[in-house]
Amino acid sequence: MEVLILLSGDSDEEIRRTAFRTLVNWNRPELCQLLSDGATPWSVIDYLASYLVPGRQDLIAALLQNPGVPPDIVEWVKQAPAQTTDAPPPLPGAGPPAEESTEGEQKKDPERQTLLQRINSMTQAEKIKTALTGNQEERLVLIRDSNKL
């Protein structure tokens, strides 16, 4: 699951689409089990809550069963509009497609980025600082970074 989430942020469009489609078509009972399990890594829960849970009542119910999910995340998921599952989320730093950029459109809350999205958008200096001062999940993701600096 974590590898698919990482691949859904890849710069190659075909890889991104395939990884995201795989996540969207993942076995629903397994997704519910992951969302309700308190041992599931926060990066996985954050990604699923951001892109797959909104609008799906069974997944929202599973997320409610997880004791580690903050109440503000649960409220956000309940109020968020259903996501379209055709295309993967945009790459960090990429602007919206031309046909979707309207004046009245609400912009995505920057605080609702997944851990992988935040790390991918960091400079090398920010990554080093995060590796030294960040939490365990951030350090684990940064250990796997291709640039070993």
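The protein exposes about 9,300 Å² of surface, and carbon and sulfur atoms supply 53% of that area. Such accessible areas come from the Shrake-Rupley method with a 1.4 Å probe, and for residues only the protein chains shown count as cover. Of the 149 residues, 34% count as buried. Buried means under 20% relative accessible area, exposed means over 50%, and partly exposed lies in between (1.4 Å probe, protein chains only).

Please keep in mind that this is a predicted model, in which local features need pLDDT of at least 70 and side-chain atom pairs count only at pLDDT 80 or more, while totals for chains, interfaces and linings use all residues. Residues are numbered from 1 along each chain as its sequence is written, and side-chain values use heavy atoms, with hydrogens and water left out.

## The overall layout

What does the secondary structure come to? There are nine helices and zero strands, giving the pattern α-α-α-α-α-α-α-α-α along the sequence. Helices (H or I, at least four residues) and strands (E, at least two) are DSSP runs, numbered from the N terminus.

Contacts tell us how the chain meets itself; a contact means heavy atoms within 4.5 Å. Among the contacts in the protein with a separation of 6 or more, 63% are accounted for by residues 24 or more positions apart.

## Salt bridges

A search of the whole structure finds four salt bridges. A salt bridge is a side-chain nitrogen of Lys or Arg within 4 Å of a carboxyl oxygen of Asp or Glu.

| Pair | N to O distance |
|---|---|
| Glu13 and Arg16 | 2.7 Å |
| Asp58 and Arg28 | 3.1 Å |
| Glu138 and Arg118 | 3.8 Å |

Asp58 is partly exposed, with a relative accessible area of 33%, and Arg28 is partly exposed with a value of 33%.

Helix α9 covers residues 136-143. Glu138 is buried, at a relative accessible area of 15%, whereas Arg118 is partly exposed at 32%.

Salt bridges that share partners join Glu13, Arg16 and Arg17 into one network. Within it, Glu13 and Arg16 are separated by about one helical turn, because they stand three residues apart in helix α2 (residues 13-24). Glu13 is partly exposed, with a relative accessible area of 36%, while Arg16 is buried at 5%.

Which residues does Glu138 contact, leaving aside its neighbours within four places in sequence? They are Leu115, Arg118, Ile119 and Thr130.

## An aromatic pair

The structure holds one aromatic pair. Tyr47 and Tyr51 form this pair, which is tilted, with 4.9 Å centre to centre and 55° between the planes. By definition, rings of Phe, Tyr and Trp (its six-membered ring) pair if their centres lie within 6.5 Å; planes under 30 degrees apart count as stacked, over 60 as edge-to-face and the rest as tilted.

Why are Tyr47 and Tyr51 separated by about one helical turn? The two are four residues apart in helix α4 (residues 42-51). Both Tyr47 and Tyr51 are buried.
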